[in-house]
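Please look at the sequence and the model together before reading on.

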Amino acid sequence: MKHRTFFWFILPTAAAMLLFIALPIVSVVTQSLHTPHDAVLTVTKNCGPFGCKDTTVIDQEATAALRTAEPLGKFVGLDIYFDRGHLAVAEVAQAWRTSDGLGAFFSQLSNLPFYRAMAFTLTFTFTVTPLMLILGFMIAVAVNTLHRHLKGLVIFFSLLPMIVSPLIGSLVLFWMIDSRGVIGAALQWLFSDPNLSLKASTGLTWVMLIVYGVWHAAPFSFVVFYAGLQTLPQDQLESAQIDGATRWQRTRYVIIPHLMPLVTFVALIQLMDNFRVFEPILGFNSEAHATSLSWFIYNDLGGETRLLSSAATSSVLTILGVAILLAPVLVRTWRDFNAKV
Amino acid sequence: MAEIQLRNISKRWGSFVGVNNFDLTIADKEFLVLLGPSGCGKTTTMRMIAGLEDTTEGDILIGGKRVNDLEPKDRDIAMVFQSYALYPNMNVYENIRFPLKVRGTDPSTHKERVLQAAERVELLDFLDRKPAELSGGQRQRVALARAIVRKPKVFLMDEPLSNLDAKLRVSTRAQIKNLSHDLAATTIYVTHDQIEAMTLADRVVVMKKGVVQQVGSPTEIYDTPANTFVASFIGNPAMNLVDGVIEGGVFKAQNSVIPGLDAPDGPVTLGFRAEDANVVESGGEINAPIYTMELLGDATMVSVRIGGALVAVKADKNYRAEIGDQVSLHVHTDHCHLFDATTGERMGP
């Protein structure tokens with residue numbers, strides 16, 4: 001394709017990307033470097049029968065005028081990035097100096113809100129993604145071996161977790177694990193502990209959220225892998241069968257290599273999806289034990305005090321996290337592409 | 001010892017018959033070719049021997065042992081597929097080594113055996129390449145090397161040359177013949193190409209719609225076809241088949257009067273090959289206008305129409321005439337074949 005033709009071909013897409021992706025990011029980065037103006041204070045002298053004294057009051061009009069004139073706030077550079085609510089550089093340095101060991105250091109780190117959210121987000125992402133890949137693959141292989149009359153029904157039920165809204169799905173599970181719910185009551189009976197509560201323990205809450213994440217995301221990998229299995233060359237499978245490969249060896253040497261491009265695709269999508277975990281935290285009402293980066297941003301933006309700059313900073317840090325997370329996969333895809341060319 | 005016995009094997013899917021009552025013993029070290037058009041059941045027969053399809057009826061014995069219930073890997077066979085069926089993620093070395101690896105053969109012997117197999121098919125220079133980086137002929141040779149590396153008792157080859165161009169087909173065919181001779185293994189080869197069948201086979205099985213039409217050596221099949229289907233399937237060009245009647249030992253059809261045939265009176269189909277007739281000045285048994293002329297290089301193919309049939313005769317390479325010119329053809333009656341006009345079955349010896 002000629003450069004000129006390519007330019008006109010790509011222009012609408014490039015313009016849309018600039019408008020809906022690049023500009024919002026620039027806007028968020030700009031906001032993250034500013035903080036709301038402080039209130040304009042005025043000192044007035046009040047004199048009475050007992051003498052005069054200075055009184056400091058907020059000049060509402062001047063404050064409003066300043067904020068209207070400069071709605072972005074005042075420029076503070078990277079101050080918000082380094083404050084306690086985000087990277088907490090000073091607190092981390094202090095923890096590093098005063099901690100006896102790595103365990104103590106990480107323990108102190110987990111008290112800082114951003115790192116607490118980051119810890120759960122990363123744990124969730126790196127646990128749910130491989131587990132949903134494995135579970136999805138197993139379901140796909142199992143469904144593929146079913147009789148064709150059963151396949152439609154099983155595929156429908158297998159896709160249900162993906163069809164249900166994440167918030168609704170997590171709420172359903174939330175009530176099931178309640179002490180009055182079927183899972184909660186069953187666990188109490190199983191462990192003979194009437195006080196056993198999944199919601200009360202941080203560890204169990206994390207496990208619960210991860211299980212929910214796998215349950216919700218596995219259908220996606222299942223449906224992609226199932227489609228991939230339909231394109232599997234039968235000759236290769238039969239050849240492997242005659243060569244002496246067992247079922248497991250056929251899976252390992254023929255089926256999985258055939259599905260690898262799809263594994264990369266699903267992993268890429270799910271890494272991004274899991275990194276922005278949010279709804280289950282709300283659904284499970286688990287903010288006390290587990291918060292994520294997305295929830296962190298939501299928390300800044302909600303409530304009475306809308307901390308726009310803080311939310312913008314968290315957003316930028318999240319974008320950086322996603323970029324770091326996807327870099328190895330993107331580099332590999334790029335290398336594969338170049339190798340083919 | 002790898003004699004294969006197929007005892008009345010059949011394959012049916014509902015009311016559709018894939019293979020019907022196939023009964024044959026294939027001798028140890030024999031090269032047997034299953035020949036027929038698409039859908040005749042030749043590949044299904046091979047897949048039943050391989051264990052990739054269950055038989056509906058009948059028994060399959062390899063080396064005297066019933067293998068119907070054995071997995072393909074336990075039948076000691078190797079198979080070469082039309083599509084090559086190479087593993088795209090593995091290089092040539094790994095592809096050839098695969099059967100040794102998955103069967104848990106002593107790893108210290110792998111390299112030597114892979115190199116031996118690769119050398120036999122002239123692939124030593126390509127061991128590091130992936131299948132995608134090979135030509136069609138090279139890929140087929142990888143498939144051959146993978147089949148021979150384990151030294152199985154039986155080789156099954158499913159149209160292995162179909163995807164190759166004409167020139168490569170000839171050289172790979174020679175390679176297969178040579179390999180089969182050297183390895184002295186029982187080989188079953190499926191093809192729809194009668195030239196492959198004639199050049200490779202010790203015996204040929206001609207099939208049609210799941211039924212065996214004739215079993216015999218290439219010469220027997222060529223010289224004494226069992227019916228009009230075999231006669232028209234074997235040979236290039238196919239045997240000329242003309243419908244007519246016998247009256248007092250004389251075959252009569254449109255533009256044709258061929259005397260000296262030993263058969264009872266009545267309708268028949270007469271067959272003769274293009275090389276068993278020649279163009280004469282006059283007085284031939286067939287006299288008709290030329291329908292078409294084809295220059296073959298070593299001969300000139302002259303065709304005339306008799307009734308609905310096209311009859312081709314090989315003339316001298318320098319013979320020239322125009323389409324529509326009257327031509328006289330002499331048919332060697334001792335090379336004529338007579339077939340029942342209704343059933344198409346061969347009449348007489």
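Two strands are said to pair if DSSP finds at least two bridges between them, and strands (E, at least two residues) and helices (H or I, at least four residues) are DSSP runs numbered from the N terminus. In chain B, B:I77 stands opposite B:V154 in strand 7. This is a predicted model, in which local features need pLDDT of at least 70 and side-chain atom pairs count only at pLDDT 80 or more, while totals for chains, interfaces and linings use all residues. Residues are numbered from 1 along each chain as its sequence is written, and chains are lettered from A and ligands numbered from 1 in the order in which they are written.

**The sheet in chain B**
- Strands of a sheet pair through backbone hydrogen bonds, either parallel or antiparallel.
- Six strands of chain B form an open sheet in the order 6-7-8-3-9-10, and their pairing is mixed.
- Strand 6 (77–80) and strand 10 (211–216) of chain B are the edge strands, each pairing on one side only.
- From one strand to the next the twist averages 15 degrees, where angles run from 0 to 180 degrees between N-to-C directions and axes are lines fitted to C-alpha atoms, for helices over the stretch in contact.
- Strand 6 of chain B pairs with strand 7 (residues 154–158) of chain B in the parallel sense, over four bridges.
- Helix 4 (residues 136–148) of chain B packs on this sheet and touches strand 6 and strand 7 of chain B, and its direction makes about 175 degrees with that of strand 6 of chain B.

**Two helices of chain A**
- Helix 11 (residues 234–243) and helix 12 (residues 247–275) of chain A pack at an angle of about 145 degrees, with their axes 10 Å apart.
- Their contact is made by A:Q236, A:L237, A:A240 and A:Q241 of helix 11 and by A:R250, A:Y253 and A:V254 of helix 12, where residues are in contact if their C-beta atoms, placed from the backbone, lie within 7 Å.

**Where the chains meet**
- In the interface, 13 residues of chain A are in contact with 16 residues of chain B.
- Helix 11 of chain A gives the largest share of the side of chain A that touches chain B, namely seven residues.

**Confidence**
- Chain B averages a pLDDT of 92, and 100% of the residues score at least 70; pLDDT is the predictor's confidence in each residue, from 0 to 100.
- For the complex, the predictor gives an ipTM of 0.86 and a pTM of 0.80.

Note on methods:
Two residues are in contact if their C-beta atoms, placed from the backbone, lie within 7 Å.
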